[in-house]
Amino acid sequence: MPETPAETSTAVAACDLCGARDQRIKYPSRLRGDVGADNFRITDNAYGVTGQIVTCARCGLIYASPRPSGARIEGFYATVQDPEYCQEVAGRSVSCQRIVRRLEEHLGAPGRLLDIGASTGILLRIARDRGWTVAGVEPSAWAVAHAARADDLTILQGGFPHPQLAGRVYDAVTMVDVIEHLDSPRRALEAAHELLAPGGLLCLVTPDVGSAVARLLGRRWWHYRVAHLFYFNHTTLWRLLQETGFEIVVRRRYGWTFSVEYLATRIGVAPVRALLRGLRATGLGRRLLGYPIRVNFGDSFELYARRS
């Protein structure tokens, strides 16, 4: 059952990077009515609709304040169902294949991999098929069940850190578009550090609030969403990784591969919806809508960092 922002939020939230509570309002809240699990779908496209976004006056980290507690966040994700996500498996697989290949380049060979925020297990399936020993953790019960049914993957259901991971060791940990969703990115990175073998590799993907596109679009930037609680730039992300025991070895800009139809539905205006209906009615139109396009606006980090 949906809950109101007041019921799910803490008071003025401390900065997860430096601990300060001295903050400046960057964007006031645009929430209207209740917040529910649908706001936490991966395919949610209510861009610019967020709670209050602030900037830490001490270190410059941008984050939601107030924000839901960790337990509330995990509760929302536990009930999320997102069938639309499964419609883009082909394109999402291309992006995941690139990550797995890059991990192999740096580590020398497949090893033991943990995917945090594994969703329906696309990255895990690809890694397993390339010879990795894989494990994953994902809060959505729907996604975990889908991974088991579709790809025979066993993913731990719940938040991260997960108690069943205690004592395990991995050669690689992946966190693709995850830390911006968590109530404490610092705690998650510290836990990932503990799970990595000496010299192990972390792959981290997260939006770059300091990118040219983010600055140009302002609040209309597609990464300003209810589910995103933290927004990192070069300075704040580098500092957090250093303080949690990581040394960056490769820096890239992350690109996605999506179908024409998926990208068009992100726009959501009436003329585009009408055009989509027309294209879906013909064979040629459906083929056009299924055409894959790689998108890279330079507004997301793709980092590989070793446990130092």
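Two strands count as paired here if DSSP finds at least two bridges between them. Hi everyone, let's keep that rule in mind as we walk through this one. It is a predicted model, where local features need pLDDT of at least 70, side-chain atom pairs count only at pLDDT 80 or more, and totals for chains, interfaces and linings use all residues. Residues are numbered from 1 along each chain as its sequence is written, and side-chain values use heavy atoms, with hydrogens and water left out.

First, the overall picture. The protein has 12 helices and 13 strands; these are DSSP runs numbered from the N terminus, H or I over at least four residues for helices and E over at least two for strands. Its C-alpha trace spans about 55 × 50 × 40 Å along the principal axes. How does the radius of gyration agree with that of a compact globule? For 308 residues the globule value would be near 19 Å, and the protein has 19 Å, so the two agree. That radius is taken over C-alpha atoms, and the globule rule is 2.2 Å times the number of residues to the power 0.38.

Now the sheets. One is open, with 7 strands in the order β6-β5-β4-β7-β8-β13-β10 and mixed pairing. At its edges stand β6 (156-157) and β10 (246-253), each with a single partner strand, so one side of each has no neighbour in the sheet. Within this sheet, β4 (residues 112-116) runs parallel to β7 (residues 170-176), paired over 3 bridges, and L113 sits opposite A172 in β7.

The other open sheet I'd like to show has 4 strands, ordered β1-β2-β3-β9, with antiparallel pairing. Here β1 (23-27) and β9 (230-231) are the edge strands, each pairing on one side only. Strand β3 (residues 62-64) joins β9 through 2 antiparallel bridges, and I62 has Y231 as its bridge partner.

Finally, a helix pair. The axes of α4 (residues 89-107) and α5 (residues 122-129) come within 9 Å and cross at roughly 55°. Those axes are lines fitted to C-alpha atoms over the stretch in contact, with angles from 0 to 180 degrees between N-to-C directions.

Which residues of α4 meet α5? Among them are V89, R92, C96 and V100, and their partners in α5 include I122, L123 and R125, with contact meaning heavy atoms within 4.5 Å. Thanks, and I'm happy to take questions!
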